[in-house]
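Subject: Structure handover

Hello,

Here is the structure you asked for. My notes on it follow below.

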Amino acid sequence: MALVLSLSLFSQAETPEILDQQIDKGIDLMFQKKHSQSIELLLSLESIAKKNQWYEQVFRSTLNIGANYYLLSDYGEAVIFYLQAYEVAIEHLGPRQEMTVLNNIGILYFKELDNEQAKHYFQKAYQKAKAIKDRVKVGYYAVNLALVSNKMKQPDSAQSYIEEALPLLKEDPTVFIQAKMAQSEMFLLKKQFTTSEKIALNLLSQLQDVSQIENKVFVYLILAEIHEKQNHLSQALSYGLKARNLNTSMENRSEVYGYLSDLYGKMGVLEKALVYKDSVIMASDSLTLMRNRKLFENEKVKFQIQNYKHELSESKEIMRQERRFLYSIIGISLLLITFILWVLRSNSIKHKQRKTIVDLELAKEKSDYLLIEKQLREQETLALLEQERLKNELEVKNRKLTAKALYLSSKNSLIEEVIKSLSKHKEISDNPELKKQIRELKKHLKTDTQWDSFFTHFEEVNPGFLDRLRQKHDTLTPSDIRFITYLYMNLTNKEIASLLNITPQSCRKRKERISNKLNIPEDTTLHTYLSKI
């Protein structure tokens, strides 16, 4: 039957959608507790999915094989397949599949009472759900983190997870109830007994379905512990007996018997305490026996799977014939590849030739560039020579201005000396006509327009200097400006003294006075300052 099933699946699974339908059938068999058939079917589907590289289907089939082993209490095998599914999720799928596997592995460790590892895997799943912003899954994994935090006696950590989960689970009543159960247990650990009892009693009214028996036992034990902590031992015993009367799993039965044994011991009823202690031992033995039967069933399932793999190997003979046809296609493909490589080689040679031509063109462009660069350097040299020529012309013009200023000064000095000489003669002072001529001559000295012509010419040679000077220092007098123009023309103290008809010592003092007036720093000369205006 296994071989027929395998061949039928290979013929039907033509698309990922059809394979998904077959995987759903395998999951249904698992929930019907037909684990052998479910695992056999899912293994064959996993093989088909791997062959076709349908990684979503590989993931689903592998994950549910692990789930079968989990329900068979073979946690070792379950972890192996969960890890395989995790590798597929990491390499080919994404965080949504990764967090599903991580949560399942966390549940395995939780069942094995390895709370540290359980919390580690729940935390990883929780972080991935947050990263992809899957609010519902964040709520699921936060509930698991709260439950394991309670087992680790960390009620504050559990409270933060529960407060986050409750608003996210309003649309999922089953998981919402588990969140409230975790909340009731958390308040019990925090010794807030009234709040814990109120939540637990409210939960009891909602746990009426037969499928909720395990949850109901959990709530009864919480209520029993609440009353035990408050020393209400009779009420605690009442809730403990209610939990015992429920037809529950052997694991829960052992836990309930253990609690009743401890409670009777606390109440001083040693006979019943011993009876329940014996019941715990018997339940543990039964649980061990049951697990031994499950181990036997697992080994039988493994044998059937091994036999199924052997039958699959026999079916490979049929596939060899298909491979021969495939090899012929590969041979033709190789010939075609050879031809393509020859074409590519020819194109490569042509490409190299084109590259050589391009290199020559680049060399020519580089040569042209160097020639242009040389011409630019020559133009820069010419520009510097032109700049030097203009500078020399400026100096020549300034020297001419100096000569003109010296001429004007000497002319005026000569006229003044003539006037002084004439004024000393008595004949001239008694002659009204000559006195009139002397006054006209003095008037001519005061209204001489040649100095205005000098400043006009200075402005042409040094455009804008006087305007900038006046704008920057509006307190300068015309006499100061005239002195500054001589300094700007780089005249010596002796030349300026000659122009102004003063001594060189007076010229130096006047320079100091003007420097102070312009607020020039001590480390800067007056000529340097003026050249920057």
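K153 sits in the loop between α8 and α9. Before more on that, the ground rules. The model is predicted, so local features need pLDDT of at least 70 and side-chain atom pairs count only at pLDDT 80 or more, while totals for chains, interfaces and linings use all residues. Residues are numbered from 1 along each chain as its sequence is written, and side-chain values use heavy atoms, with hydrogens and water left out.

K153 is not a glycine, yet its phi is positive, at about 60 degrees. This residue comes just after α8. K153 is exposed, because its relative accessible area is 61%. The cut-offs for that: buried is under 20% relative accessible area, exposed is over 50%, and partly exposed lies in between (1.4 Å probe, protein chains only).

**The chain overall**

The protein chain has 23 helices and zero strands. Both are DSSP runs, numbered from the N terminus: helices are H or I with at least four residues, strands are E with at least two. The chain has 533 residues, and buried residues make up 38% of them. Take the contacts in the chain with a separation of 6 or more: residues 24 or more positions apart account for 59% of them. Contact here means heavy atoms within 4.5 Å.

Helix α8 covers residues 135–151. Its 17 residues should span 24 Å at 1.5 Å a residue, and its end C-alpha atoms are 25 Å apart, which agrees. The expected span is 1.5 Å times one less than the number of residues. α8 is mostly covered, with 12 of its 17 residues buried. Among them are V138, G139, Y141, A142 and N150. What covers the buried residues includes α6, α7, α9 (155–165) and α10 (173–189).

Helix α12 (residues 213–229) also has 17 residues. Of the 17 residues of α12, 12 are buried, so the helix is largely enclosed by the rest of the structure. Just after α12, N231 takes a positive phi of about 65 degrees.

**α4 against α6**

How do the axes of α4 and α6 cross, and at what angle? They come within 12 Å and cross at roughly 10 degrees. Axes are lines fitted to C-alpha atoms, for helices over the stretch in contact, and angles run from 0 to 180 degrees between N-to-C directions. α4 and α6 are therefore roughly parallel to each other. Angles under 35 degrees count as roughly parallel, over 145 as roughly antiparallel, 65 to 115 as roughly perpendicular and the rest as oblique.

From α4 (residues 55–71), the residues E56, F59, L63 and Y70 meet Q97, T100, V101, N104, I107, L108 and K111 in α6. By class, that contact has six nonpolar, three polar and two charged residues. Ala, Val, Leu, Ile, Met, Phe, Trp, Tyr, Cys and Pro count as nonpolar, Asp, Glu, Lys and Arg as charged, and the others, Gly among them, as polar.

N104 belongs to helix α6 (residues 95–111). N104 is buried, at 19% relative accessible area. Beyond its neighbours within four places in sequence, N104 is in contact with L63 and Y82.

**Cores**

Which residues have the most contacts inside the largest nonpolar core? They are Y82, V101 and V219, in a core of 87 residues. Such a core is a set of buried Ala, Val, Leu, Ile, Met, Phe, Trp, Tyr and Cys residues joined through side-chain atoms within 4.5 Å. Apart from it lies another core, of 25 residues, among them L491, I496, L518 and Y529. V101 touches F59, L63, Y82, A85 and Y86, not counting residues up to four places away in sequence.

**Single residues**

- N115 is in helix α7 (residues 115–131). It is buried, at 18% relative accessible area.
- F31 is in helix α2 (residues 16–31). It counts as exposed, at 61% relative accessibility.
- N519 is in the loop between α22 (504–517) and α23 (526–531). Its phi is near 55 degrees, a positive value in a residue other than glycine.

Best wishes
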